[in-house]
Amino acid sequence: MGAVDRELNLAQMQPIVYQQLQRSFEHGRLAHAYLFEGEKGTGKHEMGIWLAQHLFCTQLQDNQPCGTCNNCRRIENKEHPDVLVIEPDGQTIKVEQIRRLQTEFSRSGYESRKKVFLIQSAEKMNSSAANSLLKFLEEPTGDFLAILETDAVGRILPTIQSRCQVLHFQELSKESLIHKLQEEQISNEKAKLLAFLTNSLGKAVEISQDEWFNDAKDLIYQWFVYLQKHDTQAFIYVQKKLTKAFKEKSQQFTGLMILMFYYQEAQYQAINAGEYGKVKQINRTIERILTAEQKLRSNVSFQAVAEQFVLQTIF
Ligand SMILES: [Zn+2]
């Protein structure tokens, strides 16, 4: 995705946050610390990267980072020495990660250059990490910009929140996501499926280009057709096709999600046609998909889960 496209996307996805940051930028009134909060897939990290690029880009165009200069590229690839991205180490962000950040920042304190750090999933800081960060925000060493990202703002210490400018990222509406995907030359049906799987435009585009996914959605569709016809092929199909294509656990979950999507579409059609018997029947099937998902989560094999699902659905 080119820089211009990304600007447009950020501006469309999060018009309020985008304009606010752009204005602060133009007036030289950026805060020292931001807390970006909102659902997954709403562009928080992309906005953080954009902001960092804004600061370091050597070829700003219309006051926008170019996305292609050396600095822009290094920031995008997490290779820029003055832009640090902290991610959870396993389940938590540990105090050592925050300390390392402080060391890193004080070391080059004699340089006048600004530094940026982004903390992803900031709610995952354990309490000592959070306290360490709080101290850092209260007594900053050097000139820096802190960007904290979270989808669980309630789990961020109030004392940290009060040190940050909190910006809310609104969830993308399904409609606007589908619309944007169609602009990317993705068919309506596929766009609907992608919007069912994710709220994130970037993620949706990425999935749409994935070869495995494109095969997988067709395989699941064929399975869905057999199931709808109560055809015993649906049972054989599990071993013959599905177990081969859905090897990884994550693929198996995606497979069930895709199946869920086809049933949901069928349900909308049945509702529109006033076929309430059919609606009820589909409801039960959807419940069975949810049960299948739970079983998969508790480590029952995909084949066993899928075969049992078929038996319950077609007989
Ligand atoms: Zn640039």
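# Briefing on a predicted chain with a zinc site

Of the contacts in the chain with a separation of 6 or more, 69% are between residues 24 or more positions apart, a contact meaning heavy atoms within 4.5 Å. This is a predicted model, in which local features need pLDDT of at least 70 and side-chain atom pairs count only at pLDDT 80 or more, while totals for chains, interfaces and linings use all residues. Residues are numbered from 1 along each chain as its sequence is written, and side-chain values use heavy atoms, with hydrogens and water left out.

**Overall build**

- The secondary structure of the chain comes to 15 helices and 5 strands, where helices (H or I, at least four residues) and strands (E, at least two) are DSSP runs numbered from the N terminus.
- Taken along the principal axes, the C-alpha atoms fill a box of roughly 75 × 40 × 35 Å.
- Of the 315 residues in the chain, 47% are buried; buried means under 20% relative accessible area, exposed over 50%, and partly exposed in between, with a 1.4 Å probe and protein chains only.

**Zinc site**

- The zinc ion has as its protein donors the SG atoms of C57, C66, C69 and C72, at 2.3 to 2.4 Å; donors are N, O and S atoms within 2.8 Å of the metal (3.2 Å for Na, K and Ca), and sites may look incomplete because water is not among the atoms.
- The 4 donor atoms subtend angles of 104 to 119 degrees around the zinc ion, so the arrangement is tetrahedral, a label given to four donors if all angles lie between 85 and 135 degrees.
- For comparison, the ideal angle for four tetrahedral donors is 109.5 degrees.
- Along the sequence, the donor residues follow the spacing C-x8-C-x2-C-x2-C.
- C57 is buried at a relative accessible area of 12%, and C66 is also buried, at 4%.

**Helix packing**

- Helix 13 (249-272) and helix 14 (residues 276-297) pack at an angle of about 170 degrees, with their axes 9 Å apart; the axes are lines fitted to C-alpha atoms over the stretch in contact, and angles run from 0 to 180 degrees between N-to-C directions.
- Helix 13 and helix 14 are therefore roughly antiparallel, the term for angles over 145 degrees.
- The residues of this contact divide into 17 nonpolar, 5 polar and 4 charged, with Ala, Val, Leu, Ile, Met, Phe, Trp, Tyr, Cys and Pro counted as nonpolar, Asp, Glu, Lys and Arg as charged, and the others, Gly among them, as polar.
- In helix 9 (residues 188-197), the buried residues are K190, A191, L193, L194 and A195, and what covers them includes helix 8 (174-183), helix 10 (201-208), helix 11 (211-228) and helix 13.

**Loop residues**

- D62, in the loop between helix 3 (44-56) and helix 4 (70-76), has a positive phi near 50 degrees although it is not glycine, and D62 is exposed at 77% relative accessibility.
- K78, in the loop between helix 4 and strand 2 (83-86), likewise has a positive phi, near 55 degrees, and K78 is partly exposed at 43%.
- As background to both, most residues other than glycine have a negative phi.
- N126 lies in the loop between strand 3 (115-119) and helix 6 and is partly exposed at 26%; leaving aside neighbours within four places in sequence, N126 is in contact with I93, K94 and V95.
- T141, in the loop between helix 6 (127-138) and strand 4 (144-150), is partly exposed at 38%, and its C-alpha atom is 37 Å from that of L172, 31 residues away in sequence.

Methods: Parallel < 35°, antiparallel > 145°, perpendicular 65-115°, else oblique. Tetrahedral: all angles 85-135°; square planar, octahedral: opposite > 155°, others 65-115°.
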